[in-house]
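Please look through the sequence and the structure before reading on.

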Amino acid sequence: MRLMNLTRGAGWQGVKRYTALALPVLLLAACATQEPSSTSTTPSVKLPPAPPKPVALTPSPKQTELKTLIGMQDRLYDVAAPLLVNNAVLCRNNARNLLGFTAKTKYSYTAEFIEAASALGLSDQLQVTGVLTGSGAAKVGLQRGDLLVAIQDKPVPAGADAERQTALMLGPLVNGRNSIKVTIARNGGNQILNIPLTRACAFGIELGNTENVVSYADGRRVLISSGMMKFTKSDDELALVIAKEMAHNTLTHPARQRNTATMTGVIDNLIRLRPDTAALNGMAGVKPYPQQLDAAADKLSLYMVARAGYKVDGAAALWQRLATSYPASVLNGYTAIHPGTDYRLSAIQQAVSDIQAKQAADTALLP
C-alpha cells in the first residue's frame with residue numbers, strides 16, 4: 001500500500017542500510033614478571049571443546065531476486081520523495097493530501113515471491129516499508145518495520161486483501177482533515193501517532209522491469225525502467241528523468257497526445273514481474289512527443305528538480321548522452337519518443353540559466 005502515493009502496482013509485486021560500529025577489544029597483558037616458586041605447580045585445566053561456528057544461511061534465488069528489486073525500488077522512491085513533497089504548487093490539479101508512507105504484506109508480491117517475502121520479515125499484517133522524506137509521517141517518527149494496528153481506532157485489515165481494504169478505509173479520511181490517528185506496533189508495544197497529512201504531487205512512481213532505457217507517463221503515473229535507472233550516474237540525473245515525466249503529467253501531455261490509453265497499457269505491462277517483451281517491439285504504439293511539448297516539460301521539470309534540492313547544471317549533458325547512446329533509430333529507446341534533442345537542449349540551457357539566476361538572487365523558483 002503506497003500511502004505516500006507511490007501507488008501500488010504490480011511493480012511492487014516483484015519486489016536499509018545498517019552501519020556496523022566495531023568496538024575495540026581491550027586486551028590486558030601483564031607487564032610485570034614474577035619469579036616462579038619452586039614448589040608451586042600450575043594445575044592442569046581441560047578446556048571444553050569450542051562450540052561449532054554458526055553456518056551462514058544462503059539466501060534462496062527468489063530472496064536474492066526480491067531483495068535486488070526492493071533495493072532498486074527503494075532508490076527510486078528515495079529520489080522521487082523530494083520531487084513529490086516540494087512541488088505541490090507546480091503539480092497544479094495533481095496535488096493531494098497524503099499520509100507519506102508505504103506499507104506491504106507478504107501478499108504484496110506475486111505468488112512465487114510469498115515465501116521469499118516471509119523470509120525477509122513480511123507477514124499477513126501491513127508493515128511500513130518506506131517513509132516519504134519530508135512528509136508528516138517522517139516528522140512524527142514513523143519507521144520502516146512498524147506494523148499498522150489501527151487507523152482512527154479501527155483495526156487495520158490483514159491478509160491477502162489488506163492493501164486494498166486499507167486503502168478503501170483511508171480514502172474518505174484524507175479529505176477535510178489535517179492529521180490521521182495511526183496506531184502502530186513497535187518493539188513489542190503499541191504507539192499512537194497523529195500523522196499530519198502532507199500536500200504533495202499525487203503521482204504514482206513505478207519501476208519498470210525491463211532493461212530498455214525508457215520512461216513513461218500516463219497522466220497519473222510515472223514509470224522509470226530498471227535500464228534507465230542503471231543508465232543514470234547519480235541521484236541528480238535520476239531526479240531529472242523522474243521530474244520530466246512528472247512534468248508531462250502535470251501539463252496533460254499524454255491526454256493532449258491522445259496517448260493516455262497506450263501509455264497506461266505500456267506501464268501496466270512493464271510493472272509486471274515478467275513483462276510481455278513482444279509488446280515492446282517497435283514503438284509499442286507510443287507517439288513521439290512534438291519538440292514544443294517536450295521542451296515545455298523540460299522547463300517545468302528543471303524547476304521541479306531545483307525546488308527538490310537537486311542539481312540542474314548537468315541536465316543538458318544527461319540528455320545529450322542519452323541521445324548519443326540511444327538515438328532515435330533505437331525504437332524502444334528514450335530518444336525515439338523524445339526526438340527533438342537539439343531543440344530541447346537550447347530550451348534546457350535557457351531554463352538552467354534562469355533557475356541559477358533566481359537561486360543567486362534568492363527569489364522564488366517558479367517558471
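Asp153 lies in the loop between β4 (147-151) and β5 (154-155); strands (E, at least two residues) and helices (H or I, at least four) are DSSP runs, numbered from the N terminus. Asp153 is not a glycine, yet its phi is positive, at about 70 degrees. With 55% relative accessibility, Asp153 counts as exposed. Buried means under 20% relative accessible area, exposed means over 50%, and partly exposed lies in between (1.4 Å probe, protein chains only).

The model is predicted, so local features need pLDDT of at least 70 and side-chain atom pairs count only at pLDDT 80 or more, while totals for chains, interfaces and linings use all residues. Residues are numbered from 1 along each chain as its sequence is written, and side-chain values use heavy atoms, with hydrogens and water left out.

Thr252 is another residue other than glycine with a positive phi, near 55 degrees. Thr252 sits in the loop between α6 and α7 (253-256). Its relative accessibility is 40%, so Thr252 counts as partly exposed.

For the protein as a whole, there are 12 helices and 11 strands. Of the 367 residues, 49% are buried. The accessible surface is about 18,500 Å², and 54% of this belongs to carbon and sulfur atoms; accessible areas come from the Shrake-Rupley method with a 1.4 Å probe, and for residues only the protein chains shown count as cover.

Next comes the packing around one helix. Two packed helices are described by the angle between their axes and the distance between the axes. Axes are lines fitted to C-alpha atoms, for helices over the stretch in contact, and angles run from 0 to 180 degrees between N-to-C directions.

| Helix pair | Axis distance | Angle |
|---|---|---|
| α1 (residues 61-85) and α6 (residues 235-250) | within 9 Å | roughly 60 degrees |
| α6 and α10 (residues 315-325) | 10 Å | about 80 degrees |
| α6 and α9 | within 8 Å | roughly 120 degrees |

The angle of roughly 60 degrees makes α1 oblique to α6. Angles under 35 degrees count as roughly parallel, over 145 as roughly antiparallel, 65 to 115 as roughly perpendicular and the rest as oblique. The crossing of α1 and α6 is right-handed, meaning that the near helix is turned clockwise from the far one by less than a right angle. Residues of α1 in the contact (heavy atoms within 4.5 Å) include Leu76, Val79 and Leu83, and those of α6 include Leu238, Ile242 and Met246. This contact of α1 with α6 has 10 nonpolar, no polar and 2 charged residues. Ala, Val, Leu, Ile, Met, Phe, Trp, Tyr, Cys and Pro count as nonpolar, Asp, Glu, Lys and Arg as charged, and the others, Gly among them, as polar.

At roughly 120 degrees, α6 is oblique to α9. Here too α6 passes α9 in a right-handed crossing. Among the residues that meet are Ala243 and Ala247 in α6 and Leu293 and Ala297 in α9. The contact of α6 with α9 divides into 11 nonpolar, 3 polar and 3 charged residues.

By contrast, α6 and α10 are roughly perpendicular to each other. Glu237, Leu240, Val241 and Lys244 in α6 meet Ala315, Leu318, Trp319 and Arg321 in α10. The classes in the contact of α6 with α10 are 5 nonpolar, no polar and 3 charged residues.

Where is Gly314 placed? Gly314 is in the loop between α9 (291-307) and α10. Gly314 is partly exposed, with a relative accessible area of 31%. Its C-alpha atom is separated by 9.2 Å from that of Leu240, 74 residues apart along the chain.
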